[in-house]
Amino acid sequence: MFSNLFSDYNSWTLLALGSLAFIAGFIDSVVGGGGLIQIPALLISFPNAPVATLFGTNKIAALAGTSVAAFHYAKRITFDFKLLSVISFSCFLSSFTGARIVSLINVDVLKPLILFILIAIAVYTFFKKDLGSVKTKDLPYRQQIIYGAIIGLLIGFYDGFFGPGTGSFFVLAFVVVLGFEFVQASAYAKIVNCVTNISALIVFIRQGNYMLELALIMAAMNITGNIIGSKLALRKGNDFVRIIFLVVVGIMILKYGWEVFGDQGV
């Protein structure tokens with residue numbers, strides 16, 4: 001199987017994709033946003049391949065890494081499984097809805113709004129130094145469930161409609177709305193991301209949209225990055241996660257800024 005892979009693809013391409021999958025896994029395990037690295041790498045490496053096939057390949061690698069990171073967090077973080085189930089179920093439904101609607105609406109029209117939101121998030125997180133350093137809210141349980149469902153619906157829809165940076169949005173929502181610490185928020189985000197990745201991957205596999213051998217190599221590197229990243233996040237704590245979060249949001253701002261203004265010669 002792998003001998004065919006090395007004959008079909010340039011060795012330097014495989015090395016580059018493996019290295020970037022490692023970096024994506026590391027970042028994703030801490031604050032999400034690994035797709036900002038892994039998806040463009042696939043698109044650049046295989047410009048003539050069907051986009052759905054590249055997305056399916058990315059999902060296999062991402063799910064493998066995220067599952068391992070979720071396992072590591074689960075050993076150190078105590079989850080409220082009722083709250084987690086409500087968020088996951090809401091996200092699953094709205095992600096499916098977003099994926100269906102994306103074919104009806106031009107997503108480019110909404111990118112300036114996403115750019116504005118990202119800039120606001122970056123400024124807010126940068127100046128609020130204590131954000132996510134400790135648990136800041138002790139909401140009534142019923143209120144937690146309601147807010148969790150709303151978070152799942154809104155960000156799940158974004159995941160189906162746009163996608164990149166979903167994990168980072170989950171982390172921020174859990175910190176700001178539910179009052180979680182950054183590390184706790186990252187742990188919850190990993191579990192929810194596993195659910196959304198599985199739902200998307202079922203569709204891609206049924207359609208045959210994936211390159212299995214390439215996906216397995218990227219998955220191995222993604223898992224390695226996730227293991228290292230999750231261990232560092234748990235050991236170094238909330239300040240470390242906050243810094244990585246700001247870096248990822250900055251990358252997202254550059255990405256959407258280029259997509260909004262790049263074609264206009266700005």
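In what order do the elements of the chain run from the N terminus on? In this predicted model, the elements follow one another as α-α-α-α-α-α-α-α-α-α-α. The chain holds 11 helices and 0 strands. It is made up of 266 residues, and buried residues account for 51% of them. The accessible surface of the chain amounts to about 12,800 Å², and carbon and sulfur atoms contribute 68% of that area. Among contacts in the chain with a separation of 6 or more, 85% are between residues 24 or more positions apart.

Aromatic side chains were examined next. The count of aromatic pairs comes to 8. One of these is formed by Phe174 and Tyr188, whose ring centres are 6.1 Å apart. The planes of the two rings stand at 70°, and an angle over 60 degrees counts as edge-to-face, so the pair of Phe174 and Tyr188 is assigned to that class. Phe174 belongs to helix H8 (residues 166-176) and Tyr188 to helix H9 (residues 182-207). The two residues are 14 residues apart, and their pair links distant parts of the chain. Both Phe174 and Tyr188 are buried.

A second aromatic pair consists of Phe182 and Phe245. Here the centre-to-centre distance is 5.8 Å and the angle between the planes is 45°, and the pair is classed as tilted. Phe182 is located in helix H9, while Phe245 is located in helix H11 (residues 238-261). The pair therefore ties together parts of the chain that are 63 residues apart in sequence. Residues count as buried under 20% relative accessible area. Phe182 has a relative accessibility of 0% and so counts as buried. Phe245, at 1% relative accessibility, is likewise assigned to the buried class.

Aromatic residues also form a cluster. Phe79, Phe81, Phe170, Phe174, Phe180 and Tyr188 make up one aromatic cluster. The members of this cluster include Phe174 and Tyr188, the residues of the edge-to-face pair described above.

Helix H8 also contains Phe169. The relative accessibility of Phe169 is 14%, and the residue therefore counts as buried. Apart from neighbours within four places in sequence, Phe169 is in contact with Ile117, Leu118, Ile121, Ile155, Tyr158 and Met252. Leu118 lies 51 residues from Phe169 along the chain, and the C-alpha atoms of Phe169 and Leu118 are separated by 9.3 Å.

Thr53 was considered as a further position. This residue is placed in helix H4 (residues 51-74). With a relative accessible area of 11%, Thr53 is buried. When neighbours within four places in sequence are left aside, the contacts of Thr53 are with Asn209, Tyr210 and Met211.

The cysteine residues were then examined. The number of disulfides in the model comes to 0. Cys91 has a relative accessibility of 0% and so counts as buried. Cys194 is buried too, with a relative accessible area of 11%.

Conventions. Residues numbered from 1 in each chain as written. Predicted model: local features only at pLDDT ≥ 70, side-chain atom pairs only at ≥ 80, totals over all residues. Heavy atoms only, no water. Phe/Tyr/Trp six-rings, centres within 6.5 Å; stacked < 30°, edge-to-face > 60°. Helix = DSSP H or I, 4+ residues; strand = E, 2+ residues; numbered from the N terminus. Buried < 20%, exposed > 50% of the residue type's maximum accessible area, 1.4 Å probe, protein only. Disulfide = S-S within 2.5 Å. Contact = heavy atoms within 4.5 Å. Areas by Shrake-Rupley, 256 points an atom, 1.4 Å probe, with all protein chains shown as cover.
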